[in-house]
Amino acid sequence: GRPEVPWALAGGEPRDFLGNVFLLWLWWMAEAHEGVVETKDFTVAVLVDKVVDLECPWGTGGRTSLRGLMPTKAPEAAKALQAGKWPRRLGLLLAAHGQEYECVLQGDRFAVSGLRLGEPSEEARTPRLELEERLDRLATFDNVLVGLYDHFLRERFGKGWGTRRQQISRWIAERSQAAVPVGA
């Protein structure tokens, strides 16, 4: 059945779960599609790194928090997905428009934290030019994140979502099988 997602109910917005499905979709794209997402306007490279927080949407199966380099490769990540836990927060590395970004995204609130925009270029020789460059990078990051979400929503509410959902379910099952030690 469909869970009454506790964190979505607390927020008062019945579609908050879409942010968590977006995180799952990003994770799947990063692993099953080599991290390349072709939006309608640009290409984005996606990598999940450093932070993975998962939680049972029914509020009964607990939480799993993984930290470090490539936490999605940990057997605990596969076990959490197979147990039905949804990603709540992911550490993301995004690259688009010749720029790289690092952040943590909380799905249900679409809240970005720890955003790293990169060092200013050598052309930014004055504090004003440095500020303008940072604002431009921030606007570009916003464009990239909104573009990814728009692409996801087009898929999620498109005719092919049933097939995509089966692909994601199969990916979860395959990850879980690969995580089981030989001879277990």
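Predicted model: local features only at pLDDT ≥ 70, side-chain atom pairs only at ≥ 80, totals over all residues.
**Positive phi angles**

Most residues other than glycine have a negative phi. Against that background, two residues deserve attention. Glu-34 is not a glycine, and yet its phi is positive, at about 55 degrees. Glu-34 lies in the loop that runs between helix 2 (17–32) and strand 1 (36–38). His-97, likewise a residue other than glycine, has a positive phi near 55 degrees. The loop between strand 4 (86–96) and strand 5 (99–106) contains His-97.

The table sets out the accessibility of these two residues.

| Residue | Relative accessible area | Class |
|---|---|---|
| Glu-34 | 75% | exposed |
| His-97 | 44% | partly exposed |

Glu-34 is classed as exposed because its relative accessible area of 75% is over the cut-off of 50%. His-97, at 44%, falls in the range between 20% and 50% and is therefore partly exposed.

**The faces of helix 3**

Which residues of helix 3 are buried? In this helix, which spans residues 75–82, they are Ala-77, Ala-78, Ala-80 and Leu-81. Viewed down the axis of helix 3, these buried residues fall within an arc of 160 degrees, and so they line one face of the helix.

Just after helix 3 comes Gly-84, whose phi is positive, at about 95 degrees.

How values were computed
Residues numbered from 1 in each chain as written. Heavy atoms only, no water. Helix = DSSP H or I, 4+ residues; strand = E, 2+ residues; numbered from the N terminus. Buried < 20%, exposed > 50% of the residue type's maximum accessible area, 1.4 Å probe, protein only. Arc of directions from axis to C-beta.
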